[in-house]
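My notes follow, in the order in which I looked things up.

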Amino acid sequence: MEKMKMLVVDDEERFLSTTKKLLAKKGYDAVTAASGAEALEKIRVQNIHVVILDVKMPGMDGNATLKEIKRQYPLTEVIMLTGHATMESAIDGLKSGAIDYLMKPADIDEIIQKAEEAFEKRQGLEEKIRVAKMRKLMKSPSEIIQET
Amino acid sequence: MMRKIILTSMILVPLIPFILALGTGYHYFTTSLENSTISSLQRIVEDHRHMIESFLKERKHDLDFILHSYTFEYLSQHEKLDGVFNHLQGGSHAFVDLGVFNEAGVHVAYHGPYSLRGKVYKDEEWFKEVIRHGYYISDIFLGYRQIPHFVIAVTREEADKKWVVRTTIDTVTFNNIVKGVRIGKTGEAYILNANGILQTEPRSGGKLMDKHPDNIEYPSSNTSIKTFINKDVKGEKYLYTTTWLQNKKWLLVVRQERADAFKALTSAVYLIVLISITGGSAIVAVAYYVTNLIVGRMEKMDTAKEQLNQQLIGASRLAELGEMSAGFAHEINNPLQIIKNEQSLIEMNLSELKETGHLKESESLAELEDSMDQITLQIARCSKITQAILKFGRQDEPKPQNIDLRSFIPEITGMVAQKAVVHGISIEQDIAENTYPVHGDSAQLQQVLVNLFNNAMDAILEQHGTSGGKLLVKAGPKENNTVEILIKDNGVGISPESLNKIFSPFFTTKSVGKGTGLGLSVCYGIINNMHGSMEASSEIGVGTTFTILLPAAV
């Protein structure tokens with residue numbers, strides 16, 4: 001089974017480094033990004049499954065970054081991390097395609113749990129896509145030949 | 001201060017015209033009454049003088065008639081004189097006797113009760129006077145008879161010989177004529193001669209021919225009338241009117257006790273005093289009453305204004321605080337997140353070190369772990385506070401919809417019903433069928449009601465423990481298209497000092513760590529956003545009532 005790869009995006013450097021260490025200790029592979037732009041760059045070069053995204057960041061903020069990620073990499077699951085306890089920003093995030101949200105200060109176990117759920121969902125989705133592709137193949141190899 | 005001014009003006013404004021009116025009325029009334037009393041007394045004096053003078057004049061005419069109708073010789077005959085006297089007395093009973101005198105003053109003929117014939121009057125004062133003036137009316141005197149009487153004498157010259165006819169006037173008849181005046185209770189009339197000797201008997205007492213003790217003022221001229229007030233010997237004040245009779249020979253005095261004469265005046269004074277006292281006290285009483293009413297209203301209005309001001313200040317302060325604390329909470333959350341992560345890292349490292357045997361079980365390690373637990377706990381506490389603050393100051397738009405309280409309130413009571421049952425609290429619901437729907441965010445309104453229910457139950461637990469708690473939820477329509485929701489408990493109550501502050505953020509009476517002090521201020525903000533109002537009344541040991549007033553949905 002594929003191992004989950006996480007990306008943590010926040011403008012707080014110390015938060016990134018500690019979270020990375022914690023995740024590593026828990027046995028998760030995580031990369032970090034200090035801004036929205038950096039995050040997009042990281043996703044472009046690596047296969048990221050789950051993004052933990054801070055809502056409030058200087059420059060490109062969480063929601064804008066989320067939209068861009070979803071536009072470019074629809075299968076990448078995003079969990080919003082918000083300092084606001086407002087349903088509003090969470091709802092905005094969910095509307096734009098985030099799978100879940102977390103309120104700061106979030107416990108590391110909470111983050112992992114949500115990330116796992118997101119990863120499962122993504123895997124389920126990938127599985128479905130794979131099965132669908134398989135069926136397509138099984139049904140009519142000639143069509144596939146034609147398609148390619 | 002205000003009260004004094006109002007009271008003074010309320011009393012003075014009606015009192016001054018009232019007193020002026022009474023005073024003016026009194027002045028004009030007394031003046032006119034005095035004038036009319038005096039003038040009526042003067043008229044009586046005048047009439048009386050006229051009557052007395054007429055009486056005397058008639059008697060003189062009677063004598064004149066006799067003098068000219070008969071000769072001296074004729075009248076000197078005793079029997080003839082008798083006849084004439086009888087005629088005379090037929091005209092007036094005032095005549096007591098009749099006598100004829102010759103020039104030498106010898107009483108030639110006499111008809112009367114005494115035997116005076118032959119007596120010589122040549123040197124008597126009256127005889128000298130009558131010879132000199134032809135006519136004489138005496139003062140009252142005793143004469144030979146030693147009885148008070150007065151005489152009228154007239155003389156005639158016949159063949160160079162003067163003769164005189166004289167008659168005695170019955171003092172009783174004359175007295176009665178003079179005394180005949182009756183004015184009020186004490187009015188009386190009498191005659192004095194120029195020396196102040198009584199010529200008739202006053203009704204109030206005093207003997208004929210005595211000197212009258214009163215201090216009498218005399219009129220200046222023959223016909224004028226003098227009016228004055230003097231004390232008599234007993235010290236009683238009398239109103240006197242005097243006028244001369246008989247060419248200043250006699251003085252007619254009419255007097256009446258002052259109090260009697262001005263009786264109407266006295267009753268008027270009593271009446272005025274009575275009116276002044278009752279009217280004055282009525283004015284003062286009404287002024288007091290109205291002033292109390294006005295001052296009371298003003299104070300009430302002032303208090304209401306003050307309360308409104310405080311509420312307004314409170315509301316704007318709440319809004320400011322809300323914004324400020326939301327920003328503040330947000331800023332706290334980020335470092336809090338880092339702290340939390342660092343703490344997790346430390347814990348992990350600790351357990352790793354323990355597992356690898358680098359750290360041995362020791363007291364210090366136990367303490368360290370305890371501290372770590374404490375940090376976890378305190379971070380959780382901080383995060384709870386900031387989340388509450390953020391809820392309180394949140395900027396997001398509510399999702400308003402029409403809420404039917406008739407089903408909405410029971411739903412929410414249902415949510416707390418389990419807790420109520422556990423704590424032995426009976427919930428009573430009284431939701432009127434005609435309760436209007438309200439417009440607002442149902443989640444927010446739910447938050448408000450749940451918060452109030454929880455507070456109420458906490459208060460009840462504190463007061464009653466787990467039995468005897470009562471919680472009443474009441475809803476119904478109110479005037480001006482509003483709906484009232486009442487949440488009443490029989491809990492421990494809120495002190496008046498605390499009651500002023502319950503809607504302020506961070507105000508809590510719960511022990512440290514138990515409450516954030518934001519619940520009610522959040523509720524307040526929500527109801528405020530729904531254009532409603534919320535207030536609390538409470539009594540220590542009796543319970544608290546929260547009243548929410550919301551506009552009905554249109």
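**Strand pairing in chain B**

Strands here are DSSP runs of E, at least two residues long, numbered from the N terminus; two strands pair if DSSP finds at least two bridges between them. This is a predicted model, in which local features need pLDDT of at least 70, side-chain atom pairs count only at pLDDT 80 or more, and totals for chains, interfaces and linings use all residues. Residues are numbered from 1 along each chain as its sequence is written, while chains are lettered from A and ligands numbered from 1 in the order in which they are written.

I checked one position in this pairing: I229(B) stands opposite L239(B) in β8(B). Between β7(B) and β8(B), which form a hairpin, I found five residues. In that turn G235(B) has a positive phi of about 90°.

**The other side of β8(B)**

I then followed β8(B) to strand β9 (residues 250–257) of chain B; eight bridges join them, again antiparallel. Y238(B) has E257(B) in β9(B) as its bridge partner. This hairpin has four residues between its strands, and Q246(B) in the turn has a positive phi of about 55°.

I looked up burial for β8(B), residues 237–245: eight of its nine residues are buried (20 or more other C-beta atoms within 10 Å of the residue's own, with C-beta atoms placed from the backbone).

**Q401(B)**

I found Q401(B) in strand β10 (residues 400–403) of chain B. Its C-alpha atom is 5.4 Å from that of G440(B), 39 residues apart along the chain.

Methods: A residue is buried if 20 or more other C-beta atoms lie within 10 Å of its own, exposed if 12 or fewer, and partly exposed in between; C-beta atoms are placed from the backbone.
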